[in-house]
Amino acid sequence: MGNCHTVGPNEALVVSGGCCGSDEKTYVVGGWAWAWWLISDIQRITLEIMTLQPKCEDVETAEGVAITVTGVAQVKVMTEKELLGYACEQFLGKTVVEIKSVILQTLEGHLRAILGTLTVEQIYQDRDKFATLVREVASPDVGRMGIEILSFTIKDVYDKVEYLSSLGKTQTAAVQRDADIGVAEAERDAGIREAECKKEMMDTKFLADTKMADSKRELEMQKASFNQEVNTKKAEAQLAYELQAAKEQQKIRMEEIEIEVVCLYCRRWSAKPPYDDSGHKIHTESFNGYLPQA
């Protein structure tokens with residue numbers, strides 16, 4: 001006879017032994033299994049996440065500076081059948097505290113080894129990269145134990161000789177220096193840009209004034225040309241008028257002279273009989289049609 005054993009999803013049930021001296025093992029996660037009395041062995045191993053806090057004190061870095069590093073790791077037993085078998089071989093029958101102690105020592109060993117290959121600046125300034133490196137190096141070893149590293153982060157980095165403090169002050173001074181340089185360069189660039197803008201403004205104003213002066217000069221020249229043309233036309237018209245008036249006056253004067261001559265002859269003819277050049281008397285009857293009537 002035997003019993004039916006159940007297990008939750010946070011544990012793995014391992015059934016070993018059986019009839020006829022079988023060495024086959026049954027792994028059950030979140031289910032049930034049958035076990036014979038007296039000839040079957042029932043054991044359990046936790047699948048819950050285990051939190052570890054590896055700490056390496058006064059470990060010398062690549063530069064010989066002793067620092068202390070603390071981290072936080074989340075690990076658990078893997079559920080794949082083969083890997084679960086590895087974990088059972090290593091930790092079956094041990095308490096959670098004992099399992100955590102074995103994994104913790106493995107992580108701390110890898111952490112110490114990696115610290116000796118890096119500088120303080122690399123560890124302090126890029127903690128994520130450092131933590132990723134530790135996880136990648138340690139994963140194969142703990143994986144052979146059937147353990148998976150879910151996460152690993154660096155919690156704190158410090159030293160006893162105030163090297164990190166000096167590094168921080170140096171970095172702060174460098175940042176302040178860069179900030180001052182940046183401000184000076186920004187002010188310089190702003191001054192240069194302001195001068196360039198003023199120059200562009202003056203150039204634009206000069207061009208505008210030049211165009212305005214050119215337009216005004218061209219307008220004045222056009223007005224002068226128009227005035228000259230108008231005055232020329234006026235002078236020509238005045239001269240033509242005066243010339244025509246002179247011609248008319250000359251015609252009038254010629255007519256007046258002709259009239260005066262005719263009147264003079266008329267008066268002479270009316271005073272005595274006219275004679276020709278040879279002294280013969282000219283009969284006035286022949287002039288009656290030409291002389292004016294009294």
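Let me start on helix α1, where Glu-82 and Glu-89 are exposed on one side. Keep in mind that this is a predicted model.

Now the other side of that helix. α1 runs over residues 81–91, and its buried residues are Leu-84, Gly-85, Ala-87, Cys-88 and Phe-91. Why do they sit on the same side of α1? Because around the axis they cover an arc of only 160 degrees.

What covers these buried residues of α1? The cover includes two stretches I will come back to or pass by: helix α2, residues 96–115, and strand β9, residues 147–159. Strands β2, β3, β5 and β8 are also among the elements that cover them. After α1 comes Gly-93, with a positive phi near 95 degrees.

Next, the core. The largest nonpolar core holds 39 residues, and Ile-103, Leu-115 and Phe-130 have the most contacts inside it. Its largest share comes from α2, which gives six residues. Domain 1, residues 1–46, and domain 2, residues 49–161, each supply at least three residues to this core.

Take Ile-103 as an example. Leaving aside residues up to four places away in sequence, Ile-103 touches Met-50, Leu-52, Val-75, Phe-91, Val-142 and Ile-147.

As background, nonpolar side chains in soluble globular proteins tend to be buried together.

Last, the cysteines. The structure has zero disulfides. Cys-197 is partly exposed, at a relative accessible area of 34%, and for Cys-263 the value is 34% too, again partly exposed.

Terms used. Residues numbered from 1 in each chain as written. Predicted model: local features only at pLDDT ≥ 70, side-chain atom pairs only at ≥ 80, totals over all residues. Heavy atoms only, no water. Disulfide = S-S within 2.5 Å. Buried < 20%, exposed > 50% of the residue type's maximum accessible area, 1.4 Å probe, protein only. Helix = DSSP H or I, 4+ residues; strand = E, 2+ residues; numbered from the N terminus. Arc of directions from axis to C-beta. Contact = heavy atoms within 4.5 Å. Core = buried A, V, L, I, M, F, W, Y, C linked by side-chain atoms within 4.5 Å. Domains from an automatic or database assignment.
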